[in-house]
Amino acid sequence: MSFALPLLVLAMIALAATRFAPRVALWRAGRAAPVDWARGLAAVPRRYLVDVHHVVARDPYAARMHAAVAGGLIGATALALIGFVPPLGASRLFWGLVAILFLSMLGGALAVGARRVPQRPKRLSGGAFQVLPVLLLAYAFGGALAAGSLALALPSAVFALGLIIAAFGGLGLAWQTGKGPMRHALTGALHLAAHPRSGRFEGQRETALRPLDLDAPKLGVEAPADFSWNRLLGFDACIQCGRCEAACPAFAAGQPLNPKRLIQDLAASMTPGGNPSYAGSDYPQARPVAGVSGFGQAIIGADAMVHPDTLWSCTTCRACVEECPMMIEHVDAIVDLRRFQTLELGAVPEKAELVLADIRGADEPGGAPLGARADFAGGLDVPLMARKGEADVLLWLGTNAFDMRTGRTLRALVQLLQAAKVDFAVLGEEERDCGDLARRLGDEASFQRLARLNVETLKRYRFQRIVTADPHSLHVLRNEYPAFGGQFDVVHHTAYLDELVEARRLALRALGPTPVTYHDPCYLGRYNGEFDAPRRLLDRLGLERREMERSRKRSMCCGGGGGAPVTDIAGEQRIPDLRMAQAKDTKAELVAVACPQCTAMLEGVVGDRPDVFDVAELVLRALDTAPADAVKPARIGEPA
């Protein structure tokens with residue numbers, strides 16, 4: 001009898017291998033990608049137990065459930081398999097340990113079922129996922145009964161009953177490795193070993209988009225065959241937990257994007273037949289598509305799998321990536337698909353095409369003359385780098401410098417730098433757009449052209465650091481220009497101002513206990529890890545800081561990234577309205593921001609709302625020697 005359980009495990013392994021093999025063949029047909037298998041496989045235990053569970057642990061119930069199920073399943077199955085070894089197979093103590101592991105799995109399986117019955121949360125998929133708890137329960141209960149009967153020397157009928165129940169559950173789980181919830185169990189481990197951004201597991205901030213080879217025969221991704229094989233593998237690693245869905249601002253606003261559904265469609269697009277088995281939340285306001293799929297078939301289009309409006313709804317905020325326990329790279333896939341639409345088909349939304357035309361013709365998204373970039377600083381005597389030749393700090397103004405509202409922020413920043421006697425200069429008309437918008441919209445050619453021109457300009461001058469108030473420029477200059485020869489020390493203006501205050505180069509007075517809440521910009525926080533400097537500055541001002549429910553890494557996007565304002569895909573609500581509602585829930589009188597795009601989006605919210613100020617404006621207000629044209633020091637909430 002003791003050989004029966006090991007034989008069942010072997011049968012499960014054989015069935016799983018048979019079901020799994022076709023998916024492996026599909027991945028291998030994708031584009032080549034270098035993978036250090038020895039290093040990757042050796043790192044899987046740590047990546048799984050540390051990196052994956054760091055995300056899973058944000059939901060304590062799910063963490064305990066997952067630990068019990070996964071730990072019990074792997075442990076009991078592995079031990080049962082080695083029951084072939086005579087000394088172990090004959091040991092009642094050994095089978096008692098196996099029974100305990102099955103009981104641990106049973107507890108986790110009950111938790112899985114309790115989360116789905118009687119009411120399944122909307123973000124969780126149904127269908128085969130509703131069957132999963134039954135299979136887990138059967139394998140765990142049957143395994144515990146069979147192993148327990150061997151440990152306690154119970155009648156053979158008890159063992160036989162347990163074996164039958166375990167076989168039903170175990171073989172059912174093995175069957176699901178081909179097309180079902182258990183596919184992620186095997187795929188997930190391989191995905192962690194062959195992850196396209198392995199630096200994420202080594203403490204690196206892996207957020208920069210990879211350069212596109214503009215001499216390649218095809219630019220971007222049209223079909224599944226155009227993805228690298230380990231990205232195809234990553235799509236199959238999705239467990240449909242719905243965490244990305246719950247975090248996505250476009251989904252919350254009712255735009256036709258659900259990152260979970262998108263990843264499932266990308267996985268289903270590898271084979272003919274579409275995605276009939278998907279049983280989760282659909283795209284809001286889902287556009288009709290033909291559902292045609294295949295390894296060489298186009299993914300995007302009304303006659304394909306995914307409607308273009310889904311693609312263009314993304315703000316590239318990386319909230320989905322941050323929340324994904326399997327560390328799937330949704331944004332990379334979206335930008336790769338956009339690149340093909342933009343560069344090969346020229347199929348971008350009308351407003352976006354006008355903006356891209358301005359970038360190509362004027363080196364600015366709005367088509368404004370480059371010489372007008374520093375007009376905001378009238379009367380402030382801002383030095384030009386072309387005249388100085390060198391400076392301690394190069395102040396990068398950013399695209400939004402042409403906007404009057406952003407001009408107020410930049411004036412405040414310039415006045416603070418002058419008050420701290422910082423040796424700085426600006427490029428003026430030599431500063432072109434950094435290329436962020438073009439790149440997120442898929443126009444890699446324009447981005448690379450701008451990147452090379454800007455790097456060439458920057459290398460003509462001597463400076464120690466680049467300071468910018470624009471997190472999008474910060475990200476591109478710091479993380480994406482190095483691929484084009486631009487290695488610069490780039491710092492956000494809040495971090496630099498915090499340094500100046502710490503060094504006592506800026507003397508500030510307390511502004512009083514006015515309640516303020518801080519909105520984390522996606523490209524400053526999730527992309528670049530800067531959460532503390534803006535908060536330290538607000539605390540230095542004596543303000544009563546209140547956190548929104550979604551803050552820091554889990555902050556909600558303002559809706560202004562990824563070209564979303566120019567692709568302009570309508571939703572049931574506006575993303576900035578949702579974010580402002582979260583700010584209002586704190587009862588704060590002020591919303592402090594640290595990004596010109598966030599300022600524009602949040603100030604565009606109509607109706608009764610807190611006032612919106614950039615952190616630099618608030619710091620200037622607190623300056624003991626604030627100039628006469630600084631933000632008025634009367635009532636903090638009073639508009640400037």
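This is a predicted model: local features need pLDDT of at least 70, side-chain atom pairs count only at pLDDT 80 or more; totals for chains, interfaces and linings use all residues.

Residues are numbered from 1 along each chain as its sequence is written, and side-chain values use heavy atoms, with hydrogens and water left out.

The protein has 27 helices and eight strands; these are DSSP runs, numbered from the N terminus, with helices being H or I of at least four residues and strands E of at least two. The radius of gyration is 28 Å, close to the 26 Å that the globule rule gives for 640 residues, so the protein is as compact as a globular protein of that length. That radius is taken over C-alpha atoms, and the rule is 2.2 Å times the number of residues to the power 0.38. Along the principal axes, the C-alpha atoms fill a box of roughly 95 × 55 × 45 Å.

Of the 640 residues, 59% count as buried, where buried means under 20% relative accessible area, exposed over 50%, and partly exposed in between, with a 1.4 Å probe and protein chains only. Among contacts (heavy atoms within 4.5 Å) with a separation of 6 or more, 76% come from residues 24 or more positions apart.

E430 lies between β2 (424-425) and α19 (436-440). Is E430 buried or exposed? At 18% relative accessibility, E430 counts as buried. Neighbours within four places in sequence aside, E430 is in contact with A386, N454, T457, R460 and Y461.

The next loop, between α12 (259-268) and α13 (308-312), holds G294. With 6% relative accessibility, G294 counts as buried. Residues up to four places away not counted, G294 touches P224, S269, M270, T271 and P272. G274 stands 20 residues from G294 in sequence, and their C-alpha atoms are 8.2 Å apart.

Finally, consider helix α25, residues 575-584. How many of its ten residues are buried? Seven are, and the helix is mostly covered. The buried residues are I575, P576, L578, R579, M580, Q582 and A583. Their cover includes the helices α11 (249-252) and α26 (596-603), together with the strands β5 (515-518), β7 (590-593) and β8 (611-614).
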